[in-house]
Every structure is written in structure tokens, then in C-alpha cells.
Amino acid sequence: MTTPAPAAQNAPSLVVEGVSKSFGERRAVRDVSFEVAPGELLAIIGPNGAGKTTLLTMLGGIRVPDTGTVKQQGPNADKRIGWVPQQTAIYTKLTVAQNLRLFARLEKVEDPDAVVQRMLEQTGLEERADDELGSLSGGNRQRVNIAVGLLADPPVLLLDEPSGALDPNAAALASPSEDLEQAFANFLRARGH
Ligand SMILES: Nc1ncnc2c1ncn2[C@@H]1O[C@H](COP(=O)(O)OP(=O)(O)O)[C@@H](O)[C@H]1O
Ligand SMILES: [Mg+2]
């Protein structure tokens with residue numbers, strides 16, 4: 001009898017090798033390499049203009065690197081990477097559920113109604129399902145934004161400035177970030193991590 005090698009279970013989901021990108025003379029990203037294991041949370045930290053967004057766009061396949069490679073690996077390697085943009089794409093005049101349904105259709109998920117229900121449960125926003133997004137707090141709005149990124153159950157989720165969408169007062173308070181941490185914990189638990 002054989003058991004799978006632990007190394008195989010921890011094989012990286014994402015392998016980034018020597019990725020660079022320039023805009024004209026400006027080198028936005030220079031020779032970045034790293035690996036991300038399943039269940040791992042990786043933060044990319046740097047000042048404004050450091051190249052974080054440019055790097056994320058290359059990881060997400062939105063931009064092609066000048067040099068280097070981004071490889072997805074593992075059982076879900078063919079599934080698209082999820083993307084939570086800094087500028088939220090959600091609509092303030094639609095309800096939470098309407099936003100989720102709209103993006104579920106755009107993502108062409110198999111059973112939009114079931115996915116919307118699952119995301120409402122995972123965000124803990126079932127009671128706010130029929131409220132306009134504009135009436136939600138910054139933290140709850142960001143939960144919906146993250147839920148949109150997770151609708152299609154991507155193997156990897158990229159978040160650009162996940163606390164940046166909160167207004168300065170809200171960001172200064174401890175509760176919204178705890179709120180977001182809790183939301184992440186729920187998402188990860190629901191995905192078996
Ligand atoms: N589309 C673009 N065209 C030209 N320069 C860009 C473009 N996008 C980003 N840059 C430049 O690349 C550098 C990195 O930007 P960015 O990745 O947005 O940084 P960060 O997200 O860390 O603030 C900056 O100097 C920025 O001005
Ligand atoms: Mg940025």
C-alpha cells in the first residue's frame with residue numbers, strides 16, 4: 001500500500017519565475033520569483049508605485065510579463081484565477097443579491113442561484129441580501145467585493161489593496177479589519193482550509 005507523498009499535497013498552486021514588466025523606460029516590476037502553496041496567504045507590501053498592481057495583473061493573466069513566467073499547478077490549474085480589484089466593480093444601486101447574481105451570470109457559473117446563496121452564507125450577509133449595496137458599511141461592501149472574486153470558486157484569489165476600499169475612518173478602526181479577517185477565515189474554512 002502506498003500513501004501520497006506529503007510533498008505532492010503541498011505542491012505550489014502558483015509558481016512565479018523571474019517576472020518583469022516595464023512601461024517605456026520605467027521598470028514597474030523587476031525579476032520577481034515566488035511560489036504559493038495551497039491554503040497559503042501571501043501579502044505583497046510596498047509603497048505607492050512599487051509595482052504591486054502591475055505584478056497582480058500579470059499573476060491574473062490581465063497583462064503579459066516582458067520576461068518570466070506565471071504557472072498555475074495542481075488539480076484546478078485550468079481554472080481562472082480570481083480577482084478583487086482595488087476599484088470595486090459592484091453597483092451601489094443594486095442589492096447585495098442582485099450584484100452577486102449579475103456577476104455570477106457574467107462568470108457563467110453553472111447554477112447562479114445556488115452560488116449566490118452560498119456566497120451570501122459565506123459572507124454572513126444573508127440578512128442584507130435585499131439591501132442596496134450603497135447602504136452597507138465599507139467592511140460589508142468589501143465582503144461583497146471579495147465574494148464576487150470567489151463566485152467561480154477560483155484556485156487562487158488576488159486582492160488589490162483589500163483594506164483600501166474602506167474609508168479612512170473605517171480603516172482606522174480595529175473592527176472593519178477584524179471583520180475582513182473573519183470573512184477570510186470563513187471563506188477559507190468553507191473551501192476546506
Ligand atoms: N499602464 C501604465 N502605463 C504606464 N505606467 C504605468 C502603468 N501602470 C503602472 N505604471 C507605472 O508603474 C509603476 C508601478 O505602478 P503600480 O503597479 O500601479 O504600483 P502600486 O500598485 O504598487 O502602487 C508606477 O511607476 C506607475 O506609474
Ligand atoms: Mg496598486
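In what order do the strands of the open sheet of 3 strands come? Hi everyone, let's find out together.

A word on ground rules before that. This is a predicted model, in which local features need pLDDT of at least 70 and side-chain atom pairs count only at pLDDT 80 or more, while totals for chains, interfaces and linings use all residues. Residues are numbered from 1 along each chain as its sequence is written, and chains are lettered from A and ligands numbered from 1 in the order in which they are written.

Now the sheet. Its order is β2-β1-β3, and the pairing is antiparallel. The edge strands are β2 and β3 (67-72), each of which pairs on one side only. From one strand to the next, the twist averages 20°; axes here are lines fitted to C-alpha atoms, for helices over the stretch in contact, and angles run from 0 to 180 degrees between N-to-C directions. Two strands count as paired if DSSP finds at least two bridges between them. For anyone new to this, strands of a sheet pair through backbone hydrogen bonds, either parallel or antiparallel.

Let's go pair by pair. Strand β1 (residues 14-23) is joined to β2 by 7 bridges. Phe23 has Arg26 in β2 as its bridge partner. The hairpin of β1 and β2 has 2 residues between the strands, and Gly24 takes a positive phi near 60° there. On to β1 and β3: they pair over 5 bridges, again antiparallel, and Val16 has Val70 in β3 as its bridge partner.

Stepping back, the chain holds 7 helices and 5 strands, following the pattern α-β-β-α-β-β-α-α-α-β-α-α along the sequence. Helices (H or I, at least four residues) and strands (E, at least two) are DSSP runs, numbered from the N terminus. Of the 193 residues, 27% count as buried. Buried means that 20 or more other C-beta atoms lie within 10 Å of a residue's own, exposed means 12 or fewer, and partly exposed is in between, with C-beta atoms placed from the backbone.

Which residues surround ligand 1? They are Phe23, Arg26, Ala28, Gly46, Asn48, Gly49, Ala50, Gly51, Lys52, Thr53 and Thr54. To be near a molecule or strand, a residue needs its C-beta atom, placed from the backbone, within 6 Å of it. Both β2 (26-36) and α2 (52-59) supply at least two residues of this shell, and α2 gives the most, with 3 residues. By type, the shell has 3 nonpolar, 6 polar and 2 charged residues. Ala, Val, Leu, Ile, Met, Phe, Trp, Tyr, Cys and Pro count as nonpolar, Asp, Glu, Lys and Arg as charged, and the others, Gly among them, as polar.

Next, Val15, which sits in strand β1. It counts as partly exposed because it has 15 C-beta neighbours inside 10 Å. Leaving out residues up to four places away in sequence, Val15 touches Glu35, Lys71 and Gln73; contact means C-beta atoms, placed from the backbone, within 7 Å. Val15 and Glu35 are 20 residues apart in sequence, yet 4.6 Å apart in space, C-alpha to C-alpha.

Last, two residues to look up. Most residues other than glycine have a negative phi. Asp31, in strand β2, has a positive phi of about 50°. Having 11 C-beta neighbours inside 10 Å, Asp31 counts as exposed. Glu161, in the loop between β5 (157-159) and α6 (168-172), also has a positive phi, near 50°.

Note on methods: Two residues are in contact if their C-beta atoms, placed from the backbone, lie within 7 Å.
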